[in-house]
Amino acid sequence: MSHITYWTMGVHTREGKTVHMDPREVFRRAAKLISGPGSWAQGNYAKTSDGNCVLATSPHAKSWCVLGALQRVTELDMRLYEPCRDAATKKAKDDGWEGCPAWNDAPTRTQAEVVAFLEALADEN
């Protein structure tokens with residue numbers, strides 16, 4: 001098991017708040033973000049409620065893939081997003097996939113599997 005080792009970082013939200021998170025918290029929040037009905041996406045980082053593709057950080061986004069959820073939670077603060085993205089990519093590759101997009105977008109993939117993937121990353125890091 002590989003662990004991400006670094007400090008908690010403050011992520012500035014759209015509302016002007018600073019939220020302090022470590023990778024475990026990022027993965028937990030990403031899992032929660034995509035756990036609700038209709039909140040998981042395939043084929044793009046994020047989609048609106050009517051299925052149009054948008055940036056993961058868009059206020060119009062209503063569903064996200066694995067990496068899109070990480071982007072949304074970290075507000076694309078690269079100091080926090082990149083190590084989390086790399087850990088998720090490594091886990092997908094360790095499972096025999098080309099990377100997170102291929103893993104997330106597999107035709108037989110389920111939302112429950114995606115949530116469990118993110119929760120496992122939270123437990124591992």
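View 1. Buried here means under 20% relative accessible area, exposed means over 50%, and partly exposed lies in between (1.4 Å probe, protein chains only). Look for Val66, Leu67, Gly68, Ala69, Leu70, Gln71, Arg72, Val73 and Thr74, the buried residues of α2.

**View 2. Two cysteines, Cys53 and Cys84.** Cys53 counts as exposed, at 51% relative accessibility. Cys84 counts as buried, at 0%. With a disulfide taken as a pair of cysteine sulfur atoms within 2.5 Å, the count comes to 0 disulfides.

**View 3. The chain as a whole.** You can trace 5 helices and 4 strands in the protein chain, in the order β-β-α-β-β-α-α-α-α along the sequence. Both are DSSP runs numbered from the N terminus: helices are H or I with at least four residues, strands E with at least two. Of the chain's 125 residues, 46% count as buried.

**View 4. Contacts and surface.** A contact means heavy atoms within 4.5 Å; among contacts between residues at least 6 apart in sequence, 54% join residues at least 24 apart. The accessible surface comes to about 6,700 Å², 52% of it belonging to carbon and sulfur atoms, by the Shrake-Rupley method with a 1.4 Å probe; for residues, only the protein chains shown count as cover.

**Notes for all views.** Residues are numbered from 1 along each chain as its sequence is written, and side-chain values use heavy atoms, leaving out hydrogens and water. In this predicted model, local features need pLDDT of at least 70 and side-chain atom pairs count only at pLDDT 80 or more, while totals for chains, interfaces and linings use all residues.
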